[in-house]
Amino acid sequence: MLYPEIEPYAHGMLDVGDGHEIYWETCGNPGGKPALVVHGGPGSGCSANVRRFFDPARYRIVLADQRGCGRSTPYAGAPVADLSANTTDHLVADFERLRTHLGIEKWLLFGGSWGSVLSLTYALRHTGRVSEIVLMGLATDRYVEIEMLIRGLGAYFPDGFARFRDGVPESERDGDLSAAYHRLLMDPDPAVHHRAADGWCAWEDAMLPGVPPSDVFEEPAYRLCFARLVTHYFSNRAFLPDGEILREAGKLAGIPAVLAQGVLDTSNLVGTPWLLHHAWPGSELVMLDDVGHTVSAASMQDVLIGATDRFALRG
């Protein structure tokens, strides 16, 4: 059961360079165990509901909107956006700058989907700054995972995929669809970039069977921000060498981790949860039979809160 709703006791904007400022907030107990929420997307921004996965009496909960999204500036959903200083390296460095700014020695990482990729990358580069890790909707940096989401699921959702594919010029339909959409999304003409955002976000919804369409996609600026950042990272293959996370995961041995995965989540089709668990000595994998790519299911919430409750006892 989720903890009650809470409000931040502190918040601010942190200058991270390159003309960017990221929004951060802290909730719960100022003297509690530090935990960083690493949101998904890329580009979704943090949700206030995620605060409720932590006991506010025992945790100092840190939320941050990654570059370009949420309350961070400049906003990628503006009519014209520059994403040149928005890469995985930049986001990992931003987390380190935030940790230092807040005076935190070590923190628990809590993330899902793209937040899994970013949490794992941060942990591999700054292992000594991570106390525990809780991940759900598992993803790494493999190209096959990205291709599954862009084109591989077309056979499972043929009508939605046909509309998605037809959203780019015919000459680009057999190539890299994320790159084709990104080009359209970065076009300064609102008619072009909003139409592309509608097409991309409709495919995002189509890939989540049994999950109601996301309310956040009703806002045109959010759709544009989200689609631009997702295609930016997808077309650049997360700015990471293919398969690096799985090859290096053994270095995380000794960091307690709970990996929660819904059996109905489409990332299972390329074996990511099993591969990550077996590459990471000491990690705990929990598979949930009735859950897809969502944290709204009660069984998923129970696993995640059970993990944060247990790790709170480690001090």
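Contact means that heavy atoms lie within 4.5 Å of each other. The model is predicted, so local features need pLDDT of at least 70 and side-chain atom pairs count only at pLDDT 80 or more, while totals for chains, interfaces and linings use all residues. Residues are numbered from 1 along each chain as its sequence is written, and side-chain values use heavy atoms, with hydrogens and water left out.

Begin with helix α3, residues 143–150. Helices (H or I, at least four residues) and strands (E, at least two) are DSSP runs, numbered from the N terminus. The buried residues of α3 are Glu 145, Ile 146, Met 148 and Ile 150. Here buried means under 20% relative accessible area, exposed means over 50%, and partly exposed is in between, with a 1.4 Å probe and protein chains only. These buried residues pack against α4 (158–165), α5 (177–185), α6 (190–206), α7 and α9 (272–279).

Next, consider the backbone. The peptide bond from Gly 41 to Pro 42 is cis, with omega near -5°. Pro 42 belongs to the loop between β3 (33–38) and β4 (59–64). A cis peptide bond also runs from Thr 73 to Pro 74, with omega near -5°, and Pro 74 sits in the loop between β4 and α1 (88–101).

Two residues have a positive phi without being glycine. Ser 113 has a phi of about 60° and is found in the loop between β5 (107–112) and α2 (114–125). Its relative accessibility is 22%, so Ser 113 counts as partly exposed. Ala 238 has a phi of about 65° and lies in the loop between α7 (220–235) and α8 (244–248). Ala 238 counts as buried because its relative accessibility is 5%.

The last topic is empty space. Rolling a probe the size of a water molecule over the atoms shows where such space is left. On a 1 Å grid over the protein atoms alone, a cavity is a set of points where a 1.4 Å probe fits but cannot get out. Grid points are joined across faces, edges and corners, and a volume is the space filled by probe spheres set on the points. How many cavities of 30 Å³ or more does a search of the whole structure find? The search finds 1. About 40 Å³ of space lies in the largest cavity. Lining residues have an atom within 4 Å of a point; among them are Pro 42, Arg 67, Leu 91 and Tyr 233.

Conventions. 1 Å grid on protein atoms, 1.4 Å probe; cavity = no way out; pocket = protein on both sides within 12 Å on 5 of 7 lines; lining within 4 Å.
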